[in-house]
Amino acid sequence: MENADIRVRFAPSPTGELHLGNARTAIFNWLFARKVGGKFILRIEDTDQERSRLEYQKMILEDLRWLGLDWDEGPEKEGTFGPYLQSERLEIYRDYARRLEENGLTYLCYCSSEELESRRIEAQAKGVAPRYDNRCRLLTEEDKRRHVQAGHKAVIRFKVEPERVKIQDWVRGEVEFDTALFGDFVIFKSDGYPTFHFAVAVDDGLMKVSHVIRGEDHLSNTPRHVLLFRAMGFQIPQFAHLSMILGSDGARLSKRHGATSIGFYREEGFLPEALLNYLALLGWSSGDDQEIFSREELTQKFSIERIVGSSAIFNPEKFHWVGTQQIRRFRLAALRQRLEARGNDFSKIGSDHLEKMIGFVRERAATLKELGSELEVFVKEPGLESEEAKKAFSSSRAREILEALKHVLENEWKDEAFPVKSLSSCQKSLGVSGAEFYPLLRISLTGHAHGPELKDLCPLMGKGEVLRRLEKALKKF
RNA sequence: GACCCCAUCGUCUAGAGGCCUAGGACAUCACCCUUUCACGGUGAUGACGCGGGUUCGAAUCCCGCUGGGGUCGCCA
């Protein structure tokens with residue numbers, strides 16, 4: 001196969017926000033396509049009329065763009081295999097269903113959902129495999145007439161003959177299934193929409209998808225798809241089933257483990273590069289010891305062979321660490337732009353100045369949000385009401401120290417050279433410890449006991465502002 | 001329950017029969033650096049689920065068990 005013929009797809013259903021698991025699936029597909037020079041297709045599986053929502057579709061697209069996963073074909077980027085919304089492909093599915101019917105591979109089933117449900121429960125109770133018993137295969141013409149007259153709605157079922165279906169999976173190796181274990185399955189719902197299984201097979205076939213990279217929850221569905229591919233004369237794609245992402249307790253990741261939506265992490269201020277990086281590490285490794293990757297490195301190093309087959313637990317701490325690493329890899333100007341794009345207003349500060357500030361505070365930040373609040377010390381008047389401030393100011397010599405501090409800075413601070421030595425000798429001549437001396441300056445300036453080094457902080461804040469804030473602190477006495 | 005997948009430090013992983021006294025990263029702890037926090041540096045704790053085989057030799061291959069996950073919908 002020529003690499004240009006490699007086509008993968010990400011096929012979310014717009015029934016909710018994009019979450020961590022889906023996002024990783026999208027990332028693996030995208031990385032694979034970019035690595036080999038294939039095509040990345042985005043297809044919206046909106047055949048569930050009840051739950052599909054346009055707003056979710058928009059959100060998913062937005063999240064994918066934010067992650068930097070650009071698609072070669074899909075919504076808002078039509079290609080030759082479109083449309084890419086399944087709800088716009090109904091005629092195509094009907095056409096293929098008709099062909100299957102003509103070949104005698106399908107039949108109408110009039111069993112109601114309620115009937116099926118109660119039979120399922122019964123089977124469960126008996127300890128029998130809960131599968132459809134294919135009873136409507138045997139309907140006579142008379143039976144069918146009666147159902148139609150009674151106004152019963154029908155679904156189309158695909159006939160499954162017992163056999164063993166083998167699939168070759170890039171991460172699982174050869175997996176074999178016995179089709180006798182599942183009954184004739186529905187390919188068309190009574191609302192006139194195709195089921196997932198059918199739409200997937202038709203679309204992957206028509207869209208010439210070469211590799212299906214998806215979650216392991218679809219592994220057991222794969223034999224059905226293979227049966228359909230075969231029945232419709234499509235080439236069977238290659239498969240790669242990704243393990244699940246689990247929560248800290250080893251159960252499938254869900255809301256109760258905390259935030260799972262991509263939107264949440266975006267709002268939190270994580271860089272998309274950090275999420276891309278961390279998610280790529282969940283179920284894949286480069287083989288060397290590298291863990292921090294740029295987008296480009298990832299597209300170069302990714303390989304489908306190195307996908308890990310065991311499930312992975314999402315670890316917020318490590319994700320946070322990846323966040324810090326990515327922030328440090330960024331150019332300062334780029335961070336400034338990201339911050340501004342997020343709505344942080346630094347218009348009062350010159351770009352060069354601001355970038356220096358970012359440089360001094362980034363060591364402590366994993367997200368843009370954290371970066372933004374670290375930066376606040378430069379732009380926001382410090383409230384001196386915090387516990388740490390009160391404690392520092394309650395020292396018996398606080399006022400005296402502050403006066404001295406102000407005096408030294410006023411007289412010894414010239415031009416760019418921050419008077420480190422003068423401060424030090426001032427501290428000594430007062431006979432107080434550094435722990436008593438320096439925090440007073442820091443807290444007067446920022447309101448916080450911790451932060452960038454004073455010799456970095458003060459010059460950026462500027463002599464005038466530093467003195468003004470010291471003065472203000474002095475008024476507390 | 002049946003079927004399928006998975007199984008190395010708490011977590012993510014390296015490991016494709018001898019290179020393993022099992023490597024790296026996060027987290028944790030200690031020390032160093034630093035008159036703050038952080039960063040950084042050094043070090044420590046910490047794993048091949050269990051039982052059988054195969055083999056001169058097994059984390060690596062096979063079988064069983066156990067455990068976890070998935071599927072068994074007119075959801076996708």
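Predicted model: local features only at pLDDT ≥ 70, side-chain atom pairs only at ≥ 80, totals over all residues.
Colleague: Okay. How many residues surround RNA strand B, and which are the closest?

Modeller: Start with the idea of "near": a residue counts if one of its heavy atoms lies within 4 Å of the strand. Here 64 residues surround RNA strand B, and R172, K189, E291, R364 and Q427 are the closest. Of the atoms of RNA strand B that come within 4 Å of the protein, sugar and phosphate make up 73%.

Colleague: Which elements each supply at least two residues of the surface near RNA strand B?

Modeller: Among the helices there are α4 (113–126), α6 (196–206), α11 (316–329), α17 (420–430) and α18 (434–446). The strands include β4 (155–158), β6 (173–178) and β11 (312–313). Helix α11 gives the most, with 4 residues.

Colleague: And what is that surface like by class?

Modeller: The surface near RNA strand B splits into 19 nonpolar, 23 polar and 22 charged residues.

Colleague: Which part of RNA strand B does the side chain of S190 approach?

Modeller: For a polar contact, look for a pair of N or O atoms within 3.5 Å. An N or O atom in the side chain of S190 sits 2.6 Å from a base oxygen of RNA strand B. For K318, a side-chain N or O atom is 3.1 Å from a base nitrogen.

Colleague: Now pockets. How much space lies in the largest pocket?

Modeller: About 1200 Å³. Its lining has 43 residues, with S13, H19, N22, D217 and R252 nearest the centre of the pocket.

Colleague: What about the volume of the second largest pocket?

Modeller: That volume is about 740 Å³. The second largest pocket is lined by 27 residues, and L116, R120, Y132, R157 and V186 are closest to its centre. Two or more lining residues come from each of α4, β4 and β7 (185–188), and α4 gives the most, with 5.

Colleague: How does that lining divide by class?

Modeller: Into 13 nonpolar, 4 polar and 10 charged residues.

How values were computed
Residues numbered from 1 in each chain as written. Chains lettered and ligands numbered in written order. Heavy atoms only, no water. Polar contact = N/O pair within 3.5 Å; in protein donor to acceptor, adjacent residues only side chain to side chain. Nonpolar A, V, L, I, M, F, W, Y, C, P; charged D, E, K, R; others polar. 1 Å grid on protein atoms, 1.4 Å probe; cavity = no way out; pocket = protein on both sides within 12 Å on 5 of 7 lines; lining within 4 Å. Points joined across faces, edges and corners; volume = space filled by probe spheres on them.
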